[in-house]
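Hi there,

Here is the structure I promised to pass on to you. Have a look at it first, and then read my notes on its aromatic rings below.

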Amino acid sequence: QVQLVESGGGLVQAGGSLRLSCAASGRTFSSYAMAWFRQAPGKEREFVGYIWWTGGSTSYADSVKGRFTMSRDNAKNTVYLQMNSLKPEDTAVYYCAAVDSPYYRGSYYYSRSSNYDYWGQGTQVTVSS
């Protein structure tokens, strides 16, 4: 069992930055692929980005590409989402997710929320215009 706890959300003006953190506990973290998803009010949960356990493979949704960056520190069992040039449309609850993935399964696999076994409780990000 893996427990995920997100932090770092808050209120920021458009054009600003935030860094979200997701701390994992419970099992060996290093073989897990990690992802961020988000859900705005009245909308479905959508993929933001993922990072494979080696950190050598990442992918992002087109809506955040070039603005958001994921990184991970396996020694600290933590994954990060650096969000720059934030826009009001980035307002959502951001969720961290994990799946045990010692072998790479491709970007499409990691972009699907149904493939993740563990989820955090979410952290609110609000971007004001």
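Before the details, please keep in mind that this is a predicted model, in which local features need pLDDT of at least 70, side-chain atom pairs count only at pLDDT 80 or more, and totals for chains, interfaces and linings use all residues. Residues are numbered from 1 along each chain as its sequence is written, and side-chain values use heavy atoms, leaving out hydrogens and water.

Let's start with Phe37, which is buried at 1% relative accessibility (buried means under 20% relative accessible area, exposed over 50% and partly exposed in between, with a 1.4 Å probe and protein chains only).

A search of the whole structure gives 11 aromatic pairs. Rings of Phe, Tyr and Trp (its six-membered ring) pair if their centres lie within 6.5 Å; planes under 30 degrees apart are stacked, over 60 edge-to-face, and the rest tilted. Phe37 and Trp119 make a tilted pair, 5.2 Å centre to centre with 50 degrees between the planes. Phe37 belongs to strand β4 (residues 32-39) and Trp119 to strand β10 (residues 118-119), so this pair ties together parts 82 residues apart in sequence. Strands are DSSP runs (E, at least two residues), numbered from the N terminus.

Trp119 is partly exposed, at 27% relative accessible area. Trp119 also pairs edge-to-face with Tyr116, at 6.3 Å centre to centre and 70 degrees between the planes. Tyr116 itself is buried, at 5%.

Ring pairs link these residues into a cluster, whose members include Phe37, Tyr116 and Trp119.

Enjoy exploring!

Definitions and conventions: Helices (H or I, at least four residues) and strands (E, at least two) are DSSP runs, numbered from the N terminus.
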